[in-house]
Amino acid sequence: MAASDTSFYSIDAATGERFGDPLRVDGPAEVAAACAAAELAFDPFRAIGNEGRARLLDGIAAELMAIGDELIETAMRESGLPRVRLEGERGRTVGQLRMFAEVVRRGDWERVRIDPALPDRQPLPRPELRLRMIPLGPVAVFGASNFPLAFSTAGGDTASALAAGCPVVVKAHPAHSRTALLAARAIGRAVSAEGLPKGVFSQVQGPAIALGEALVRDPRIMAVGFTGSRSGGLALLRIAQSRSVPIPLYAEMSSINPVVLLPGALRTRALAIGEGFAQSLTMGAGQFCTNPGLVLALAGDDLDVFCNAAAAQIRQNAPQVMLTGGIHSAYRSGTAALRGQDGVTLTAAGPDESAKANGQLFRTTALTFLANPALAHEVFGPAALVVACRDEDELCAVLRNLEGQLTGTIQMEGSDADIASRLLPVLERKVGRLLFNGWPTGVEVGEAMVHGGPFPATSDSRTTSVGSLAIERFLRPVCYQNAPSYLHGNRPS
């Protein structure tokens with residue numbers, strides 16, 4: 001984005017040209033003001049109760065839908081993503097908000113536990129103990145580059161934090177600041193309609209990294225939700241942990257999402273698996289955190305059939321615009337580095353256009369992969385590496401040496417039950433979500449979803465950023481001992 005000290009512009013992802021009126025660049029003063037407002041709003045906001053927060057979430061969903069085509073068309077221009085993808089993403093964003101409204105109304109997120117008083121217990125009586133979860137306080141949320149709606153201003157982190165009773169300060173992603181501004185105004189209208197303090201939601205914007213750093217450093221921020229690069233997530237994590245009062249930073253950072261092709265599956269449907277894999281790999285120019293970037297299988301003719309089918313599909317797929325020029329440049333650098341690695345061959349590449357990303361499929365052996373840690377690094381975009389293993393032991397060794405991942409996928413048939421049972425305990429330790437006979441792109445928003453995983457997929461493998469369990473990131477337990485009964489119904493929610 002073109003920027004000065006006081007303003008910057010939206011950039012058309014397809015042309016690289018700036019468009020629209022200049023956007024304000026926020027700085028430390030605006031960050032401090034937003035955090036101060038959030039702190040002042042915290043107690044009034046959590047005091048409105050479950051139904052009040054549920055109405056707010058429903059109201060935000062309605063306001064987002066009321067924007068209409070302007071939201072979709074703005075996001076299309078800033079991200080280069082097609083209309084159908086962004087309309088689906090808007091539906092997911094609205095669905096998340098409405099799901100959390102129902103979660104709040106149910107009230108089970110409070111996790112109430114009661115140990116009744118035992119006044120006659122010997123040798124000592126037991127007091128009455130009541131436990132419930134309460135909100136942490138103001139939360140900072142970082143918009144993600146690859147999801148201008150569902151993981152950004154009004155996305156899952158914002159929805160779950162508001163559901164928990166936490167005011168939110170969003171750092172808009174500079175790649176889609178105009179989209180973020182439309183969403184922020186929608187949230188502001190919903191906050192106003194409920195008669196809530198403006199500090200319940202704020203947004204700051206600008207291209208400087210220092211803006212986000214200042215937000216994490218502010219002592220009034222009590223937790224952070226981040227989706228982005230590994231380097232960015234780790235930098236913010238260091239800031240969060242080095243504060244005089246450290247805070248949790250829930251960062252989703254890096255994943256290559258291994259796909260394991262077991263012998264029975266390859267024997268019976270290698271062609272279909274190859275085509276399905278290629279479609280998942282190149283969907284949305286590969287700009288998904290769950291993109292299948294690694295394929296593991298036993299070497300042989302059936303794996304060759306898979307590779308040939310995937311290669312044919314990749315060669316047919318037209319190259320696509322990437323989200324930003326920086327992401328496109330990093331993709332070209334990453335694939336060039338793979339081509340330069342000893343023992344790695346390029347199996348297929350789609351049509352190459354300098355301003356777009358083409359699908360690329362590479363192949364190597366397990367011995368080469370295990371000897372070269374660089375081969376396990378994420379290349380953000382439609383590129384994947386096939387690792388041919390000589391036997392089951394080598395396949396297990398590769399899985400054991402992987403870092404933490406968001407997802408792991410097993411393509412299998414009934415005849416693969418024994419090897420699948422052997423691999424399952426290994427994969428469970430590596431991933432947050434295990435898929436069978438499917439593809440990892442696409443994350444269902446529901447009660448049982450886990451979009452998380454061991455480091456470096458996320459900074460805390462005990463949590464998820466998608467699904468109803470995401471609310472728990474922004475809560476903490478409080479125990480009430482011998483609280484008078486007349487206070488039980490009047491505690492702030």
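Strands β3, β4 and β17 form an open sheet in the order β3-β4-β17, with antiparallel pairing. The model is predicted, with local features needing pLDDT of at least 70 and side-chain atom pairs pLDDT 80 or more, while totals for chains, interfaces and linings use all residues. Residues are numbered from 1 along each chain as its sequence is written, and side-chain values use heavy atoms, with hydrogens and water left out.

**Sheet**

- The edge strands, each pairing on one side only, are β3 (113–115) and β17 (475–481).
- On average, neighbouring strands of this sheet are turned by 25° against each other, direction ignored; axes are lines fitted to C-alpha atoms, for helices over the stretch in contact, and angles run from 0 to 180 degrees between N-to-C directions.
- Seven antiparallel bridges join β4 (residues 129–135) to β17, where two strands pair if DSSP finds at least two bridges between them.
- M133 has P477 of β17 as its bridge partner.
- Strands (E, at least two residues) and helices (H or I, at least four residues) are DSSP runs, numbered from the N terminus.

**Aromatic pairs**

- The count of aromatic pairs is six; rings of Phe, Tyr and Trp (its six-membered ring) pair if their centres lie within 6.5 Å, and planes under 30 degrees apart count as stacked, over 60 as edge-to-face and the rest as tilted.
- F147 and F151 are a tilted pair because their ring centres are 5.2 Å apart and their planes stand at 55°.
- F147 and F151 are both buried, a term for under 20% relative accessible area, with exposed over 50% and partly exposed in between (1.4 Å probe, protein chains only).
- The pair of F277 and F306 is also tilted, with ring centres 5.6 Å apart and planes at 50°.
- F277 lies in helix α9 (residues 263–282) and F306 in helix α10 (residues 301–316), so this pair ties together parts that are 29 residues apart in sequence.
- Both F277 and F306 are buried.
- A cluster of F147, F151 and F288 is linked by ring pairs.

**Charges over rings**

- R92 lies over the face of F147, 5.6 Å from the ring centre; the rule asks for NZ of Lys or CZ of Arg within 6 Å of the ring centre and within 35 degrees of the ring normal.
- The charged end of R18 sits over the ring of Y9, at 3.9 Å from its centre.

**Cysteines**

- The count of disulfides (pairs of cysteine sulfur atoms within 2.5 Å) is zero.
- For C166, the nearest cysteine sulfur is that of C35, 13 Å away.
- C166 counts as buried because its relative accessibility is 0%.
- C479 has 48% relative accessibility and therefore counts as partly exposed.
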